[in-house]
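Welcome! Please take a look at the structure below, and then we will walk through a few of its helices together.

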Amino acid sequence: MSSRSLYSSRHPMLKKRDDFEDILEERRSSSDLRYALRCYTPTLYKGLVPCKASMLKTIVLQSDHLQHVIKQVSSESGESSECVTEEASHILDEMAHRLQLSTIRFFVFTLSKAFKRLFRSVCVNEEGIQRLQQAVQEHPVVLLPSHRSYMDFLMMSYILYMYDLPLPVIASGMDFMSMKFIGEMLRMSGAFFIRRSFGGDKLYWAVFSEYVKTMLRNGYAPIEFFLEGTRSRTCKSLTPKTGLLNIVMEPFFRGEVFDVNLVPVSISYERILEESLYARELLGVPKPKESTSGLLKARRVLSEDYGSMHVYFGHPVSVRSLAEGKVNRCQHNLLPRHIPQKPSTENLEFLTDAAFRLVRTQEENMVLKPWVLIATLLLQNPDGLDLSTLAKQTDWLRHLALALGAFLDWPDHESCARVISCSLALHRNLLSVSDEHVQLNVADSTQVETTPEEAVFQRAVVVLSCASYRNEILHVFVRPALVAVALQRSAENSHRKDDVYNCFNFLRNMFSSEFILCPGDSVQDFEEACYLLAKRGALQVSEHEIVMSASGQSTLTFLCSVLEPFVQGYQVVCRYLCENVLEKLLEKDFIPAVRNFALKLILAGRLKCYEVLSSDLQKNALAALLRLKAVRKVKVGDQTTLKVNKIAVNSLEDMLGGKIPTQKPILARL
């Protein structure tokens, strides 16, 4: 198999990344059936032979922890212990996987056929695989892939089978279980099914947590779940969920295992299968229900070209090393191990910090294709660009992205014009090229007559689809962009470092639901962003002042443009709450109401930013206003009402626009 290297310039010298192997290259020249039926001899945890699924169920049901909870539930509900035990057994039957090698072989054969049709290449960093092979022999392993597509968990199992690694057991939503035939096939390929929400169901939580911890303690198989909880419809990383992370760390906290290895995995797509589906969901079109018939109808995607795919297995992260000096494990010795304990404040802070840093690692190891640069430029130039100008600006942006630490896959020995031509051809559904001029598709040409609202919807689908690719590189730009906007917004164009930082900190707090910004890292983020921009030659930074250099205008203008859709979106949400809400608004009516308000602004020509229509942006803006106490949630019966402090909301809108100075954070020390 051929190998290639990718480079990044996160530091002054170019840093060589792991080599990649195209795992489909061999598949294209040999028998898929022979490959699926080959001898599979996985590396095992401490040489232990995994127990059967039926034995696993018995171990869970007889565990001290579950027996303790069964007695508690029996006492509280008045039911007999036998009835509660039977209910626990039923929950376990509904939840548990039934991993069978024969089913895996069937999937490997089928997926080999599908992947060769869908992708030009699937590239895996073999050094990461070697690290994982070592890790699974030493300690229990938890795989933490990024989540952008349904293809993620299929590809993960396929790759582990290929490299003779233990097949993972995968936390999956109950939606898949309802799929006839497919749901059972997924169960037999390692999926275990959990509810999206447990509510206050003490028994369900006990069964679930004990099931996961039993597999982990015994080294049954690598456990795989998505830290973000669900697929990202925007291709931005989502705020991580810590529930499952707490469960897999608990055996270490309680001294039941010496260590746990967490392995972040970054999965990058040149073109996403659910591209237009995601855009429509963000515009309010209901998500299609998972079904076998829906899967069969989706077979037409096999005739499409989705370019290349990269899977990067990161360095295993030791929970023992991560927790050193941060978590006092002695507190877990105060009670018997089988008695449930709520995580302490110290543990919760540690979990949150660890989760954010793991997602940041996923982001940093995302392989970015040239199209993300092109998409960024086309979104900033809605009237389009000449091919020659696009080539020049893409090359400029490539060097900026590399200077800021992007993990960029740019073909060697290819001209910029050629690279752009290939990218435009792959994403031709989103754009039009006429007379050497490129622009995003304005409307679907198959529609003869459309209303103004339909025309806006069609345009928004294209813009949000394109924005999803731009979003893939936002983690590279966001911190320097916050500095650029802060420099532009700081009071009376002040160059004082403190004033710029105050504005940076306000913006960072405002957008902390929008991007992965690690809690408590505000000063560090600011200093690192200033360093990168100074190294680029865009800023001159002294102890007390920050000044834009003579050559920095283009860089800072570009970075401000990167954040502009989010600034405008949050301002529109603020404006709606100030102009259209009397005092209270039902939470369930918030998204449709803001979308209609934004639609009217677009139709009236007062707003040109179609990204404001995204429900993801609107939800994140509401989360920011709730966090900053400008809006409060009030529970009235079964409904949740939003109570708006219009003075506070109006003030935040003005601060976003730079009309009034931001307040100085008390703890800021530069």
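Let's start with Asn246, which sits in helix α11 (residues 243–253); helices here are DSSP runs of H or I with at least four residues, numbered from the N terminus. This is a predicted model, where local features need pLDDT of at least 70, side-chain atom pairs count only at pLDDT 80 or more, and totals for chains, interfaces and linings use all residues. Residues are numbered from 1 along each chain as its sequence is written, and side-chain values use heavy atoms, with hydrogens and water left out.

**Around Asn246**
- Asn246 counts as buried because its relative accessibility is 12%, and buried means under 20% relative accessible area (1.4 Å probe, protein chains only).
- Leaving aside residues up to four places away in sequence, Asn246 touches Phe253, Pro343 and Leu351; contact means heavy atoms within 4.5 Å.

**Helix α17**
- Helix α17 (residues 387–403) has 17 residues and reaches 24 Å from its first C-alpha to its last, close to the 24 Å expected at 1.5 Å a residue; the expected span is 1.5 Å times one less than the number of residues.
- Among the buried residues of α17 are Leu390, Thr394 and Arg398.
- Just after α17, Gly405 takes a positive phi of about 100 degrees.

**Where α20 meets α22**
- Arg479, Pro480 and Val483 in α20 are in contact with Asp525, Phe526, Ala529, Cys530 and Leu533 in α22.

Notes:
Helices (H or I, at least four residues) and strands (E, at least two) are DSSP runs, numbered from the N terminus. Buried means under 20% relative accessible area, exposed over 50%, partly exposed in between (1.4 Å probe, protein chains only).
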